[in-house]
Amino acid sequence: MPSRGTPEGGTELSGAERHVARLRRAAVADPARHLPELGYALLRFGSLLAADTDRHEESVRVFGEAAGLYRRLAETGPDLHLAGLAVALQRQALGLGLLGRREEARAAAREAVGLWRGLAERGVDGSRAELAGALINLGNQLAETGRHHEALDRVTEAVEIRRSLVDPVEGTGRGELASALGDLGVKLGEMGRQDEALDVLRAAVTTYRDMADRGRRTTRGGAEETGRPEGPEGRSVGDLLEHAAVAFAAARALTGLGRTAEADPYFAEAAELRAEAGAREPAAVARLDALLAAHGYRPTADGRIRRDAASHGDGSRHGDGSRHGDGSHESGSREGGSHEEGGTHHDRDRLHQFFGRIDRLNAQALSLADGGRPDLALAPLDEALTLSREAAAGRATPALVALARTLHNLGLVRAWAGRRAEALEAADEAVHLYRRLLGTAPETVRPLLADAADSLGSRLAILGRHRDAVAPATEAVALHRQLAATDPAAYRAELARVLNNLSIRLCDSDRHAEALAATQQSLEIHRSLYREDPGPHLPGLVHALSNLALRLARVERHDEVARPTAEAVRHLGELGRLHPRNDVAALVESLDWLAWYLRKHGHAEVARETARAAADLLRRAPKPGR
């Protein structure tokens, strides 16, 4: 942080620190007089500390002290002290999040939202704007702990508040609205809702452009009245950089959708804004440049924004894994990634060996899990994860892909080993990595993200977070549709599988009509695949038929349930060895429920056959560790 002079003659930070020390001493002698002033000084001191990345721990402690002080003052004092407490908690949450202390950050952010909401309900001036900022902060903290649906709700509420605060005549509040729209667009993109994300990001960019036009008109009018030449557009450097970040997000969204020609103007817009901000305050662009680098881009010498050639390559493919069962109605994922590095021949050989070691550890773990020993598979995956994180420290795309693949496999194996919460943590990190890499290496990453998103839906659902599970399941379907459109032979079966999984997520979220439609689409593909090659596609057909029966029952189409159930039971007799990790408990439970339902609605014979098939399936299910 640049040093700026203070009346005391030192830096602003050291001056703030001395001021806090003086007020602490004064507050001991006269708390009524000096505690409110100390609270304000602590907020200022904490903010200056937070600007230094090496002093986030200190800033969190200072904000914690401020929160404790304002909490005491608020017990008997006016709303001003509640506002001080809310500010302290909100800033503390930001720092805790940067330090990776996610649960603490979420708790502080949630309390800040509650305080601002109460102040807004009492009509305290400025509190609605502060509530919007606190909601966005809470949304970010929720997303970092995998609660994406809740995060989206909070950010959407913030956008509506920002929209209501825009002055239609003066235009004040438009910058805050544009910023909130940018946050919403990014959040939708993180949830895989790319088309919606793009619409919102474009709206944010349009709002920023309107602000710039209004600023130019205002400046021009002022110049005509005074006879002075036109000055800057009236936008701060911060506004320019936020506009650039949103334009960059829109460009990445279009790139991820394969619409690269449409993305180019947004990249150019972001580059122009960066150049303007850099001309006014060169050091300010560092944060934008870090954002570009995090997504595999960099500013070039000729003033453009381009993919970093060092961060991606077409490379050679290593470590293609195999597909594994993941629940009675779901299956696992295809692994693979590409690795390429420059440097000397010796360096390339060393990197090849390094990535080869990671791939072999992944393959060893998946083989153990495939043989029914997920408990033994965890050790090689933990080693692969350590190596992958070491490789990914340089932020090269091949290394990040290797890390995401390892995390995805770790999520699968932890789930098979019954470690569900830990499985979600790994799966969520894998999906976030793949989403960031999609625009950098779309051909490599798209199939990996498609499988990882489907797996994340499963991990969320198994923990009962069904509404959150719908978003990644929908993302998986959208990605598999893109893949199947270009390579039907490779991806048609996968599209049927993820449609089946989506139907389960929708049903568990009480969206039964949508669930039925997804199941019908899945079954249509499964029937076609079964007709072409019965053997490998029989399990998928059985699952789709049983799910269709369940979906029909849910929408009370009673007379249509018996036929798909009977067909599923007939095909169950044709199934050979069940996959060791294909947990059949859910399918058995479904068949038992269908047997009860069919008896209730007068289909006694089909009910008996269904109950008999469920019992036989349970006897044949592989036992853990075998």
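Helices (H or I, at least four residues) and strands (E, at least two) are taken here as DSSP runs, numbered from the N terminus. This is a predicted model, in which local features need pLDDT of at least 70 and side-chain atom pairs count only at pLDDT 80 or more, while totals for chains, interfaces and linings use all residues. Residues are numbered from 1 along each chain as its sequence is written, and side-chain values use heavy atoms, with hydrogens and water left out. The secondary structure of the protein comes to 24 helices and 4 strands.

**Overall features**

- Of the 626 residues of the protein, 52% count as buried, where buried means under 20% relative accessible area, exposed over 50% and partly exposed in between, with a 1.4 Å probe and protein chains only.
- When contacts (heavy atoms within 4.5 Å) are taken between residues at least 6 apart in sequence, 63% of them join residues at least 24 apart.

- Helix α1 covers residues 12-29, and α1 packs with α2 at an angle of about 155 degrees, their axes being 8 Å apart; axes are lines fitted to C-alpha atoms, for helices over the stretch in contact, and angles run from 0 to 180 degrees between N-to-C directions.
- The helices α1 and α2 are therefore roughly antiparallel to each other, on a scale where angles under 35 degrees count as roughly parallel, over 145 as roughly antiparallel, 65 to 115 as roughly perpendicular and the rest as oblique.
- The contact between them involves residues of α1 including Leu-13, Ala-16, Val-20 and Leu-23, and residues of α2 including Leu-35, Leu-38, Leu-42 and Phe-45.
- Gly-15, which is found in α1, counts as buried at 6% relative accessibility, and its C-alpha atom is separated by 9.1 Å from that of Phe-45, 30 residues apart along the chain.
- Helix α2 (residues 31-50) also packs with helix α3 (residues 56-74), at an angle of about 160 degrees and with the axes 8 Å apart, and α2 and α3 are therefore roughly antiparallel to each other.
- On the α2 side this second contact includes Leu-35, Leu-38, Leu-42 and Phe-45, and on the α3 side it includes Val-62, Phe-63, Ala-66 and Leu-69.

**Helix α21**

- Helix α21 has 21 residues (residues 534-554), which at 1.5 Å a residue should span 30 Å, and its end C-alpha atoms are 29 Å apart, which agrees; the expected span is 1.5 Å times one less than the number of residues.
- A bend of about 30 degrees occurs in α21 at Gly-540, the bend being the angle between axes fitted to the seven residues ending there and the seven starting there.
- Most of α21 is covered, with 16 of its 21 residues buried.

**Loop residues with positive phi**

- Just after α21, Glu-556 takes a positive phi of about 60 degrees although Glu-556 is not a glycine.
- Glu-556 lies in the loop between α21 and α22 (562-572), where it is exposed, with a relative accessible area of 58%.
- Asp-510 likewise has a positive phi, near 65 degrees, in a residue other than glycine.
- Asp-510 is found in the loop between α19 (488-508) and α20 (512-532), and Asp-510 is exposed, with a relative accessible area of 61%.
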